[in-house]
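Please read the following report alongside the sequence and the model.

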Amino acid sequence: MSQKLEEENPAEETGEEKQDTQEKEGILPERAEEAKLKAKYPSLGQKPGGSDFLMKRLQKGQKYFDSGDYNMAKAKMKNKQLPSAGPDKNLVTGDHIPTPQDLPQRKSSLVTSKLAG
Amino acid sequence: MAGAGGGGCPAGNDFQWCFSQVKGAVDEDVAEADIISTVEFNYSGDLLATGDKGGRVVIFQREQENKIRPHSRGEYNVYSTFQSHEPEFDYLKSLEIEEKINKIRWLPQQNAAHFLLSTNDDLRINLWHLEITDRSFNIVDIKPANMEELTEVITAAEFHPHQCNVLVYSSSKGTIRLCDMRSSALCDRHSKFFEEPEDPSSRSFFSEIISSISDVKFSHSGRYMMTRDYLSVKVWDLNMESRPVETHQVHEYLRSKLCSLYENDCIFDKFECCWNGSDSAVMTGSYNNFFRMFDRSTRRDVTLEASRESSKPRASLKPRKVCAGGKRKKDEISVDSLDFNKKILHTAWHPVDNVIAVAATNNLYIFQDKAN
(Lines give C-alpha, C1' and ligand atoms only; values in the text may rest on other atoms or scores of the structure.)
Protein backbone atom coordinates (compact mmCIF):
# COMPACT_ATOMS: atom_id res chain seq x y z
CA MET A 1 0.00 0.00 0.00
CA SER A 2 1.44 3.29 -1.01
CA GLN A 3 1.80 5.75 1.83
CA LYS A 4 0.70 9.15 0.68
CA LEU A 5 1.66 12.30 2.48
CA GLU A 6 -0.81 12.61 5.32
CA GLU A 7 -3.53 15.18 4.88
CA GLU A 8 -3.68 16.96 8.18
CA ASN A 9 -6.41 19.40 7.21
CA PRO A 10 -8.28 17.96 4.23
CA ALA A 11 -11.12 20.44 4.63
CA GLU A 12 -8.85 23.48 4.26
CA GLU A 13 -8.50 24.81 0.78
CA THR A 14 -5.48 27.02 0.68
CA GLY A 15 -2.63 27.64 3.04
CA GLU A 16 -3.73 31.23 3.53
CA GLU A 17 -7.23 30.35 4.68
CA LYS A 18 -5.78 27.82 7.03
CA GLN A 19 -3.45 30.46 8.42
CA ASP A 20 -6.22 33.01 8.94
CA THR A 21 -8.37 30.58 10.91
CA GLN A 22 -5.48 29.50 13.03
CA GLU A 23 -4.37 33.05 13.67
CA LYS A 24 -7.81 34.04 14.91
CA GLU A 25 -7.84 31.06 17.23
CA GLY A 26 -4.22 31.76 18.08
CA ILE A 27 -4.82 35.20 19.54
CA LEU A 28 -6.37 33.79 22.67
CA PRO A 29 -3.76 31.12 23.50
CA GLU A 30 -0.86 33.53 23.00
CA ARG A 31 -2.42 36.16 25.23
CA ALA A 32 -3.28 33.54 27.82
CA GLU A 33 0.35 32.45 27.81
CA GLU A 34 1.44 36.06 28.22
CA ALA A 35 -0.85 36.45 31.23
CA LYS A 36 0.62 33.28 32.75
CA LEU A 37 4.14 34.58 32.33
CA LYS A 38 3.35 37.97 33.83
CA ALA A 39 1.64 36.32 36.77
CA LYS A 40 4.82 34.39 37.49
CA TYR A 41 7.18 37.29 36.90
CA PRO A 42 5.38 40.53 37.80
CA SER A 43 8.48 42.65 37.23
CA LEU A 44 8.69 41.57 33.60
CA GLY A 45 8.68 44.50 31.19
CA GLN A 46 6.06 45.24 28.60
CA LYS A 47 7.96 43.64 25.76
CA PRO A 48 11.06 41.48 25.70
CA GLY A 49 12.95 43.59 23.21
CA GLY A 50 15.38 46.25 24.13
CA SER A 51 19.12 46.34 24.23
CA ASP A 52 19.62 44.53 27.56
CA PHE A 53 17.64 41.53 26.34
CA LEU A 54 19.38 41.39 22.98
CA MET A 55 22.81 41.81 24.55
CA LYS A 56 22.09 38.95 26.91
CA ARG A 57 21.15 36.78 23.93
CA LEU A 58 24.33 37.87 22.18
CA GLN A 59 26.44 36.80 25.12
CA LYS A 60 24.94 33.29 24.95
CA GLY A 61 26.00 32.51 28.48
CA GLN A 62 29.67 33.08 27.93
CA LYS A 63 31.55 33.91 31.06
CA TYR A 64 33.90 36.81 31.16
CA PHE A 65 37.02 36.65 33.25
CA ASP A 66 38.95 39.86 33.37
CA SER A 67 42.26 39.52 35.14
CA GLY A 68 42.42 43.30 35.69
CA ASP A 69 39.06 43.38 37.47
CA TYR A 70 39.96 40.24 39.36
CA ASN A 71 43.25 41.61 40.66
CA MET A 72 41.72 44.98 41.52
CA ALA A 73 38.98 43.26 43.46
CA LYS A 74 41.51 41.08 45.22
CA ALA A 75 43.53 44.12 46.22
CA LYS A 76 40.43 45.91 47.54
CA MET A 77 39.14 42.94 49.46
CA LYS A 78 42.55 42.16 50.97
CA ASN A 79 41.80 39.56 53.59
CA LYS A 80 38.10 39.20 52.87
CA GLN A 81 36.66 36.54 50.63
CA LEU A 82 36.06 37.43 47.00
CA PRO A 83 32.45 37.41 45.90
CA SER A 84 32.00 34.29 43.86
CA ALA A 85 29.67 33.90 40.95
CA GLY A 86 27.07 32.24 43.15
CA PRO A 87 24.60 29.53 42.22
CA ASP A 88 23.70 31.11 38.88
CA LYS A 89 27.09 31.04 37.27
CA ASN A 90 25.77 32.35 34.02
CA LEU A 91 24.83 35.67 35.51
CA VAL A 92 27.67 38.11 35.36
CA THR A 93 27.05 41.53 36.78
CA GLY A 94 29.27 44.25 38.09
CA ASP A 95 29.21 42.73 41.57
CA HIS A 96 30.06 39.21 40.55
CA ILE A 97 33.57 38.63 39.45
CA PRO A 98 34.13 35.19 38.04
CA THR A 99 37.20 33.59 39.51
CA PRO A 100 39.42 31.23 37.56
CA GLN A 101 37.89 28.39 39.55
CA ASP A 102 34.37 29.28 38.36
CA LEU A 103 35.19 29.04 34.71
CA PRO A 104 34.84 25.65 33.06
CA GLN A 105 37.97 24.05 31.72
CA ARG A 106 38.47 24.73 28.05
CA LYS A 107 40.01 21.92 26.14
CA SER A 108 39.58 20.52 22.67
CA SER A 109 38.04 17.16 21.85
CA LEU A 110 40.99 14.90 21.21
CA VAL A 111 38.62 12.01 20.68
CA THR A 112 37.42 11.18 17.18
CA SER A 113 33.77 11.91 16.54
CA LYS A 114 31.49 8.95 17.26
CA LEU A 115 29.86 9.55 13.87
CA ALA A 116 33.06 8.26 12.31
CA GLY A 117 33.20 5.23 14.58
CA MET B 1 7.44 -4.90 -5.19
CA ALA B 2 6.13 -1.59 -3.94
CA GLY B 3 2.52 -1.21 -5.04
CA ALA B 4 1.52 2.02 -6.58
CA GLY B 5 3.03 5.41 -6.03
CA GLY B 6 6.53 5.96 -4.81
CA GLY B 7 8.74 8.89 -5.57
CA GLY B 8 9.31 7.88 -9.17
CA CYS B 9 6.01 9.40 -10.24
CA PRO B 10 6.70 12.75 -11.90
CA ALA B 11 3.20 14.07 -11.31
CA GLY B 12 3.33 14.27 -7.55
CA ASN B 13 5.45 13.98 -4.50
CA ASP B 14 4.09 10.79 -2.94
CA PHE B 15 7.20 9.80 -1.13
CA GLN B 16 7.56 6.70 0.92
CA TRP B 17 10.41 7.49 3.27
CA CYS B 18 12.42 4.56 4.58
CA PHE B 19 15.18 4.24 7.09
CA SER B 20 18.58 3.88 5.48
CA GLN B 21 21.32 4.46 8.04
CA VAL B 22 22.06 5.96 11.44
CA LYS B 23 25.46 7.19 12.63
CA GLY B 24 26.56 7.93 16.15
CA ALA B 25 26.48 6.39 19.60
CA VAL B 26 23.44 5.12 21.46
CA ASP B 27 24.55 6.73 24.71
CA GLU B 28 22.01 7.93 27.22
CA ASP B 29 24.35 10.74 28.28
CA VAL B 30 25.25 12.90 25.34
CA ALA B 31 28.48 14.86 25.63
CA GLU B 32 28.18 18.49 24.56
CA ALA B 33 30.96 18.02 22.00
CA ASP B 34 29.01 15.28 20.20
CA ILE B 35 26.00 17.47 19.44
CA ILE B 36 25.76 17.89 15.67
CA SER B 37 25.60 21.56 14.75
CA THR B 38 25.45 21.47 10.96
CA VAL B 39 24.69 19.02 8.10
CA GLU B 40 25.32 19.73 4.44
CA PHE B 41 25.36 17.79 1.16
CA ASN B 42 27.82 18.92 -1.49
CA TYR B 43 26.63 20.01 -4.94
CA SER B 44 26.36 16.52 -6.39
CA GLY B 45 25.10 14.88 -3.22
CA ASP B 46 27.95 12.37 -3.28
CA LEU B 47 29.46 13.90 -0.17
CA LEU B 48 27.73 14.67 3.13
CA ALA B 49 29.44 16.69 5.85
CA THR B 50 28.58 17.15 9.51
CA GLY B 51 30.09 19.50 12.06
CA ASP B 52 29.68 19.28 15.81
CA LYS B 53 30.00 21.41 18.93
CA GLY B 54 33.41 19.89 19.62
CA GLY B 55 34.80 21.49 16.45
CA ARG B 56 35.02 18.23 14.51
CA VAL B 57 34.01 17.61 10.91
CA VAL B 58 33.05 14.21 9.50
CA ILE B 59 32.66 13.71 5.76
CA PHE B 60 30.71 10.79 4.37
CA GLN B 61 30.84 9.56 0.79
CA ARG B 62 28.08 7.80 -1.09
CA GLU B 63 28.88 4.30 -2.26
CA GLN B 64 28.62 3.68 -5.96
CA GLU B 65 26.98 0.68 -7.63
CA ASN B 66 28.63 -2.43 -6.30
CA LYS B 67 27.88 -5.87 -7.69
CA ILE B 68 29.50 -7.63 -4.74
CA ARG B 69 27.43 -5.75 -2.17
CA PRO B 70 24.30 -4.65 -4.04
CA HIS B 71 22.57 -3.33 -0.95
CA SER B 72 25.41 -0.98 -0.18
CA ARG B 73 24.62 1.24 -3.15
CA GLY B 74 23.58 4.64 -1.95
CA GLU B 75 25.01 4.14 1.52
CA TYR B 76 27.06 6.90 3.05
CA ASN B 77 30.30 5.79 4.65
CA VAL B 78 33.03 7.74 6.36
CA TYR B 79 35.43 9.35 3.93
CA SER B 80 37.37 11.63 6.23
CA THR B 81 37.22 13.24 9.65
CA PHE B 82 39.26 15.98 11.27
CA GLN B 83 39.36 18.49 14.07
CA SER B 84 38.47 21.74 12.36
CA HIS B 85 38.31 24.20 15.24
CA GLU B 86 39.65 24.19 18.75
CA PRO B 87 38.48 26.20 21.74
CA GLU B 88 40.31 29.45 22.15
CA PHE B 89 40.32 32.22 24.62
CA ASP B 90 40.72 35.79 23.48
CA TYR B 91 42.68 37.24 26.39
CA LEU B 92 42.40 40.79 25.14
CA LYS B 93 38.61 40.80 25.20
CA SER B 94 38.23 38.14 27.91
CA LEU B 95 36.10 36.14 25.51
CA GLU B 96 35.76 32.46 24.91
CA ILE B 97 35.88 31.56 21.24
CA GLU B 98 33.60 28.63 20.64
CA GLU B 99 34.89 25.72 18.64
CA LYS B 100 31.42 24.72 17.56
CA ILE B 101 31.02 24.36 13.80
CA ASN B 102 28.18 26.70 12.90
CA LYS B 103 28.00 26.14 9.18
CA ILE B 104 29.67 24.12 6.47
CA ARG B 105 29.45 25.25 2.88
CA TRP B 106 30.89 23.25 0.03
CA LEU B 107 32.76 25.10 -2.71
CA PRO B 108 31.34 24.57 -6.18
CA GLN B 109 33.59 22.45 -8.39
CA GLN B 110 33.96 25.14 -11.02
CA ASN B 111 34.59 27.64 -8.29
CA ALA B 112 32.86 30.48 -10.08
CA ALA B 113 32.37 32.27 -6.79
CA HIS B 114 35.63 33.21 -5.15
CA PHE B 115 34.00 34.81 -2.19
CA LEU B 116 32.58 33.61 1.04
CA LEU B 117 30.22 35.26 3.47
CA SER B 118 30.94 35.04 7.14
CA THR B 119 27.80 35.71 9.09
CA ASN B 120 28.36 34.49 12.58
CA ASP B 121 28.48 38.04 13.78
CA ASP B 122 25.11 39.29 15.08
CA LEU B 123 25.78 42.80 14.00
CA ARG B 124 28.06 42.56 10.96
CA ILE B 125 28.43 40.63 7.74
CA ASN B 126 31.87 40.34 6.25
CA LEU B 127 32.90 39.27 2.80
CA TRP B 128 36.08 37.27 2.42
CA HIS B 129 38.07 36.60 -0.72
CA LEU B 130 39.21 33.00 -0.59
CA GLU B 131 42.79 33.91 -1.29
CA ILE B 132 43.07 36.85 1.10
CA THR B 133 42.89 35.60 4.64
CA ASP B 134 44.14 38.52 6.69
CA ARG B 135 41.31 40.93 5.98
CA SER B 136 37.77 41.11 4.74
CA PHE B 137 35.25 43.62 3.42
CA ASN B 138 32.54 44.68 5.77
CA ILE B 139 29.33 44.84 3.79
CA VAL B 140 26.67 45.12 6.45
CA ASP B 141 27.07 46.76 9.82
CA ILE B 142 24.05 47.31 12.02
CA LYS B 143 25.91 48.00 15.23
CA PRO B 144 24.52 51.21 16.72
CA ALA B 145 26.87 53.88 17.99
CA ASN B 146 25.38 53.37 21.41
CA MET B 147 24.74 49.71 22.24
CA GLU B 148 21.78 50.74 24.33
CA GLU B 149 20.03 51.63 21.10
CA LEU B 150 20.28 48.04 19.89
CA THR B 151 16.86 46.84 18.79
CA GLU B 152 17.57 44.14 16.28
CA VAL B 153 20.31 41.66 15.35
CA ILE B 154 21.20 39.71 12.22
CA THR B 155 20.16 36.10 12.49
CA ALA B 156 21.03 34.50 9.14
CA ALA B 157 22.37 35.41 5.71
CA GLU B 158 22.89 33.80 2.34
CA PHE B 159 24.20 34.55 -1.13
CA HIS B 160 21.85 34.25 -4.08
CA PRO B 161 22.60 30.94 -5.89
CA HIS B 162 22.99 32.57 -9.31
CA GLN B 163 23.46 36.31 -8.86
CA CYS B 164 26.70 36.48 -6.95
CA ASN B 165 26.27 40.16 -6.08
CA VAL B 166 22.97 39.59 -4.26
CA LEU B 167 22.63 38.49 -0.67
CA VAL B 168 19.86 38.40 1.92
CA TYR B 169 20.00 38.66 5.68
CA SER B 170 17.30 38.13 8.23
CA SER B 171 16.72 39.72 11.61
CA SER B 172 15.49 38.99 15.09
CA LYS B 173 12.42 41.09 14.27
CA GLY B 174 11.26 38.82 11.46
CA THR B 175 12.39 40.99 8.56
CA ILE B 176 14.54 40.11 5.56
CA ARG B 177 16.69 42.55 3.63
CA LEU B 178 18.01 41.89 0.16
CA CYS B 179 21.19 43.71 -0.76
CA ASP B 180 22.95 44.21 -4.03
CA MET B 181 26.68 44.69 -3.60
CA ARG B 182 26.91 46.39 -6.97
CA SER B 183 24.90 49.37 -5.78
CA SER B 184 27.19 50.27 -2.90
CA ALA B 185 30.19 48.96 -1.06
CA LEU B 186 28.50 49.14 2.32
CA CYS B 187 25.10 47.53 2.07
CA ASP B 188 23.43 49.26 4.97
CA ARG B 189 20.74 50.31 2.57
CA HIS B 190 18.75 47.41 1.29
CA SER B 191 17.37 47.00 -2.21
CA LYS B 192 14.34 45.10 -0.93
CA PHE B 193 12.72 44.79 2.47
CA PHE B 194 10.49 41.80 3.20
CA GLU B 195 8.11 41.87 6.13
CA GLU B 196 4.73 40.36 6.74
CA PRO B 197 2.26 42.88 8.13
CA GLU B 198 1.19 42.10 11.66
CA ASP B 199 -2.22 42.56 13.19
CA PRO B 200 -1.45 44.95 16.07
CA SER B 201 -4.41 43.67 18.06
CA SER B 202 -2.91 40.20 18.22
CA ARG B 203 0.46 41.35 19.48
CA SER B 204 1.72 39.76 22.69
CA PHE B 205 4.90 39.60 24.75
CA PHE B 206 6.01 36.68 22.62
CA SER B 207 5.28 38.14 19.19
CA GLU B 208 8.72 39.49 18.46
CA ILE B 209 10.54 36.47 19.84
CA ILE B 210 8.58 33.97 17.76
CA SER B 211 8.89 36.13 14.66
CA SER B 212 12.69 36.05 14.87
CA ILE B 213 14.00 34.29 11.79
CA SER B 214 16.36 31.43 12.55
CA ASP B 215 17.20 30.45 8.97
CA VAL B 216 16.88 31.80 5.44
CA LYS B 217 17.45 29.69 2.31
CA PHE B 218 17.13 30.55 -1.36
CA SER B 219 15.35 28.04 -3.57
CA HIS B 220 17.56 26.27 -6.11
CA SER B 221 15.84 28.27 -8.83
CA GLY B 222 16.79 31.52 -7.13
CA ARG B 223 13.26 32.82 -7.55
CA TYR B 224 12.10 32.20 -4.00
CA MET B 225 13.48 32.23 -0.52
CA MET B 226 12.28 30.42 2.56
CA THR B 227 12.45 31.67 6.15
CA ARG B 228 12.00 29.75 9.38
CA ASP B 229 10.62 31.42 12.46
CA TYR B 230 9.66 29.66 15.67
CA LEU B 231 6.32 28.27 14.60
CA SER B 232 6.33 28.37 10.82
CA VAL B 233 8.12 28.18 7.51
CA LYS B 234 7.39 30.94 4.99
CA VAL B 235 8.10 30.99 1.28
CA TRP B 236 8.68 34.41 -0.27
CA ASP B 237 8.66 35.41 -3.90
CA LEU B 238 11.65 37.73 -4.34
CA ASN B 239 9.44 39.99 -6.43
CA MET B 240 6.93 40.52 -3.64
CA GLU B 241 8.05 42.21 -0.45
CA SER B 242 4.67 42.73 1.16
CA ARG B 243 4.01 39.21 2.39
CA PRO B 244 5.06 35.58 1.89
CA VAL B 245 3.40 33.55 -0.85
CA GLU B 246 3.14 30.50 1.40
CA THR B 247 3.06 29.87 5.15
CA HIS B 248 3.44 26.36 6.51
CA GLN B 249 2.67 25.71 10.17
CA VAL B 250 5.31 23.54 11.74
CA HIS B 251 3.94 23.04 15.24
CA GLU B 252 1.14 25.52 15.82
CA TYR B 253 0.09 23.59 18.95
CA LEU B 254 3.09 25.16 20.71
CA ARG B 255 1.40 28.56 20.67
CA SER B 256 -0.45 27.63 23.84
CA LYS B 257 2.80 26.52 25.49
CA LEU B 258 4.81 29.68 24.92
CA CYS B 259 5.05 30.52 28.61
CA SER B 260 6.84 27.23 29.45
CA LEU B 261 8.90 27.40 26.26
CA TYR B 262 10.10 30.86 27.27
CA GLU B 263 10.98 29.67 30.76
CA ASN B 264 13.01 26.70 29.53
CA ASP B 265 14.58 28.76 26.75
CA CYS B 266 13.23 26.50 23.99
CA ILE B 267 11.54 29.52 22.43
CA PHE B 268 15.03 30.61 21.36
CA ASP B 269 15.85 27.34 19.59
CA LYS B 270 17.15 27.99 16.08
CA PHE B 271 15.59 25.61 13.61
CA GLU B 272 16.86 25.41 10.04
CA CYS B 273 14.94 24.55 6.90
CA CYS B 274 15.76 23.19 3.45
CA TRP B 275 14.40 22.75 -0.07
CA ASN B 276 14.38 19.55 -2.09
CA GLY B 277 16.24 19.54 -5.38
CA SER B 278 13.28 20.56 -7.52
CA ASP B 279 11.99 23.15 -5.00
CA SER B 280 8.67 21.29 -4.87
CA ALA B 281 8.98 20.43 -1.18
CA VAL B 282 10.49 21.90 1.97
CA MET B 283 11.56 20.34 5.23
CA THR B 284 12.25 21.52 8.75
CA GLY B 285 12.69 20.02 12.22
CA SER B 286 10.64 20.12 15.39
CA TYR B 287 10.72 18.57 18.88
CA ASN B 288 10.51 14.95 20.01
CA ASN B 289 12.85 14.11 17.13
CA PHE B 290 10.03 14.93 14.74
CA PHE B 291 10.63 16.60 11.42
CA ARG B 292 8.12 17.98 8.96
CA MET B 293 7.88 18.00 5.17
CA PHE B 294 5.58 20.21 3.14
CA ASP B 295 4.66 19.54 -0.46
CA ARG B 296 4.21 22.93 -2.07
CA SER B 297 2.10 21.75 -5.01
CA THR B 298 -0.33 19.41 -3.27
CA ARG B 299 -0.33 21.45 -0.02
CA ARG B 300 0.01 18.23 1.95
CA ASP B 301 2.37 17.78 4.85
CA VAL B 302 3.73 14.94 6.92
CA THR B 303 5.37 14.52 10.32
CA LEU B 304 8.06 11.86 10.61
CA GLU B 305 10.29 10.77 13.47
CA ALA B 306 13.99 9.98 13.66
CA SER B 307 14.23 7.24 16.24
CA ARG B 308 16.21 4.11 16.87
CA GLU B 309 12.95 2.16 17.17
CA SER B 310 12.16 2.71 13.47
CA SER B 311 15.72 1.97 12.42
CA LYS B 312 15.38 -1.36 10.69
CA PRO B 313 16.94 -1.51 7.22
CA ARG B 314 14.56 -0.17 4.57
CA ALA B 315 11.70 0.05 7.10
CA SER B 316 9.07 2.59 6.07
CA LEU B 317 8.61 5.57 8.34
CA LYS B 318 5.17 5.87 9.79
CA PRO B 319 3.65 9.36 9.81
CA ARG B 320 3.25 10.84 13.30
CA LYS B 321 0.53 13.01 14.65
CA VAL B 322 0.46 15.35 17.62
CA CYS B 323 -2.80 15.73 19.48
CA ALA B 324 -3.22 19.41 20.30
CA GLY B 325 -6.19 19.01 22.56
CA GLY B 326 -9.31 17.05 23.11
CA LYS B 327 -9.44 13.31 22.74
CA ARG B 328 -6.15 11.70 21.84
CA LYS B 329 -6.43 9.03 19.19
CA LYS B 330 -4.58 5.74 19.40
CA ASP B 331 -1.31 6.55 17.62
CA GLU B 332 -1.22 10.22 18.48
CA ILE B 333 1.10 11.83 20.97
CA SER B 334 -0.09 14.63 23.21
CA VAL B 335 1.72 17.96 23.32
CA ASP B 336 2.59 17.45 26.98
CA SER B 337 4.36 14.17 26.20
CA LEU B 338 6.72 15.72 23.68
CA ASP B 339 10.37 15.62 24.60
CA PHE B 340 11.68 19.15 24.17
CA ASN B 341 15.26 18.00 24.62
CA LYS B 342 15.04 16.00 21.42
CA LYS B 343 15.24 18.81 18.89
CA ILE B 344 15.88 18.44 15.21
CA LEU B 345 17.52 21.73 14.31
CA HIS B 346 19.50 20.63 11.26
CA THR B 347 18.31 18.76 8.19
CA ALA B 348 19.62 18.45 4.64
CA TRP B 349 18.06 17.25 1.38
CA HIS B 350 20.13 15.67 -1.39
CA PRO B 351 20.34 18.13 -4.31
CA VAL B 352 18.94 15.62 -6.81
CA ASP B 353 17.64 12.42 -5.22
CA ASN B 354 15.12 11.82 -2.49
CA VAL B 355 17.67 11.22 0.22
CA ILE B 356 17.63 13.22 3.43
CA ALA B 357 20.01 13.62 6.34
CA VAL B 358 18.53 14.48 9.73
CA ALA B 359 20.61 15.40 12.78
CA ALA B 360 19.02 14.27 16.04
CA THR B 361 21.30 15.68 18.75
CA ASN B 362 24.33 13.36 18.47
CA ASN B 363 22.99 10.96 15.85
CA LEU B 364 22.80 11.37 12.09
CA TYR B 365 19.90 9.64 10.36
CA ILE B 366 19.77 9.05 6.62
CA PHE B 367 16.42 8.27 5.01
CA GLN B 368 15.64 7.41 1.40
CA ASP B 369 12.55 7.27 -0.71
CA LYS B 370 11.64 3.66 -1.44
CA ALA B 371 11.73 4.25 -5.16
CA ASN B 372 15.41 5.19 -5.06
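## The second largest cavity and its surroundings

The second largest cavity is lined by A:Ser113, A:Lys114 and A:Leu115 together with B:Ala25, B:Asp34, B:Ile36, B:Asp52, B:Arg56 and B:Asn362. A cavity here is a set of points, on a 1 Å grid over the protein atoms alone, where a 1.4 Å probe fits but cannot get out, and lining residues have an atom within 4 Å of a point. The table gives the make-up of this lining by class, where Ala, Val, Leu, Ile, Met, Phe, Trp, Tyr, Cys and Pro count as nonpolar, Asp, Glu, Lys and Arg as charged, and the others, Gly among them, as polar.

| Class | Lining residues of the second largest cavity |
|---|---|
| Nonpolar | three residues |
| Polar | two residues |

The search of the whole structure finds two cavities of 30 Å³ or more.

This is a predicted model, in which local features need pLDDT of at least 70 and side-chain atom pairs count only at pLDDT 80 or more, while totals for chains, interfaces and linings use all residues. Residues are numbered from 1 along each chain as its sequence is written, chains are lettered from A and ligands numbered from 1 in the order in which they are written, and side-chain values use heavy atoms, with hydrogens and water left out.

The predictor gives the complex an ipTM of 0.78 and a pTM of 0.80. For chain B the mean pLDDT (the predictor's confidence in each residue, from 0 to 100) is 86, and 86% of its residues reach 70 or more. Over residues 1-12 of chain B, however, the pLDDT is below 50, although this stretch has 14 contacts in the model beyond near neighbours in sequence, a contact meaning heavy atoms within 4.5 Å.

Chain A has three helices and zero strands, helices (H or I, at least four residues) and strands (E, at least two) being DSSP runs numbered from the N terminus. Of its 117 residues, 26% count as buried, that is, under 20% relative accessible area with a 1.4 Å probe and protein chains only.

In chain B, B:Ile213 lies in the loop between helix H1 (207-211) and strand S15 (215-218), and B:Ile213 is buried, with a relative accessible area of 2%. The C-alpha atoms of B:Ile213 and B:Ile176, which are 37 residues apart along the chain, are separated by 8.5 Å.

Terms used. 1 Å grid on protein atoms, 1.4 Å probe; cavity = no way out; pocket = protein on both sides within 12 Å on 5 of 7 lines; lining within 4 Å. Points joined across faces, edges and corners; volume = space filled by probe spheres on them. Buried < 20%, exposed > 50% of the residue type's maximum accessible area, 1.4 Å probe, protein only.
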